[in-house]
Amino acid sequence: MILPPIKDETSIKPEKILICAPSNAAIDEIIRKISEKGLLDASGNSYVPTLVRIGPNYHPSLRMFALEYLIEKEKEANPGKQTENIQNEVLKKIFEVTKKI
């Protein structure tokens with residue numbers, strides 16, 4: 001996947017990209033390709049962004065990108081923090097991103 005070229009030097013690449021597809025399998029394939037090959041920035045440099053897979057029925061090999069898994073890891077890293085608070089923080093960030101689109 002290639003991001004569109006930046007038109008001038010003052011432009012900034014997007015901080016968040018929301019990718020939608022008509023099926024879970026299609027999303028899984030997009031996640032798989034980006035995680036393996038990365039994206040190209042305007043200068044042609046490859047990078048692998050942070051990926052979060054939202055939604056059910058993801059392929060088991062992509063579990064590390066699933067929102068539920070990331071929340072579970074956050075709970076393990078912060079055992080005193082309530083699950084509700086972690087989920088609310090994540091959902092709030094997702095809402096903020098989708099509101100900008």
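I started with the burial terms: a residue is buried under 20% relative accessible area, exposed over 50%, and partly exposed in between (1.4 Å probe, protein chains only). Leu70 counts as partly exposed because its relative accessibility is 33%.

A note on ground rules: this is a predicted model, so local features need pLDDT of at least 70, side-chain atom pairs count only at pLDDT 80 or more, and totals for chains, interfaces and linings use all residues. Residues are numbered from 1 along each chain as its sequence is written, and side-chain values use heavy atoms, with hydrogens and water left out.

Next I looked up the fold. I found 3 helices and 2 strands in the protein chain, in the order α-β-β-α-α along the sequence. Helices (H or I, at least four residues) and strands (E, at least two) are DSSP runs, numbered from the N terminus. Leu70 sits in helix α2, residues 67-77.

Then I turned to Asp28, in helix α1 (residues 24-37). Is Asp28 buried or exposed? Asp28 is buried, because its relative accessible area is 6%. Leaving aside residues up to four places away in sequence, I listed Arg53, Asn57, Tyr58, His59 and Leu62 as touching Asp28; contact means heavy atoms within 4.5 Å.

Last, the totals for the protein chain. Of its 101 residues, 21% are buried. Among contacts with a separation of 6 or more, 38% join residues 24 or more positions apart.
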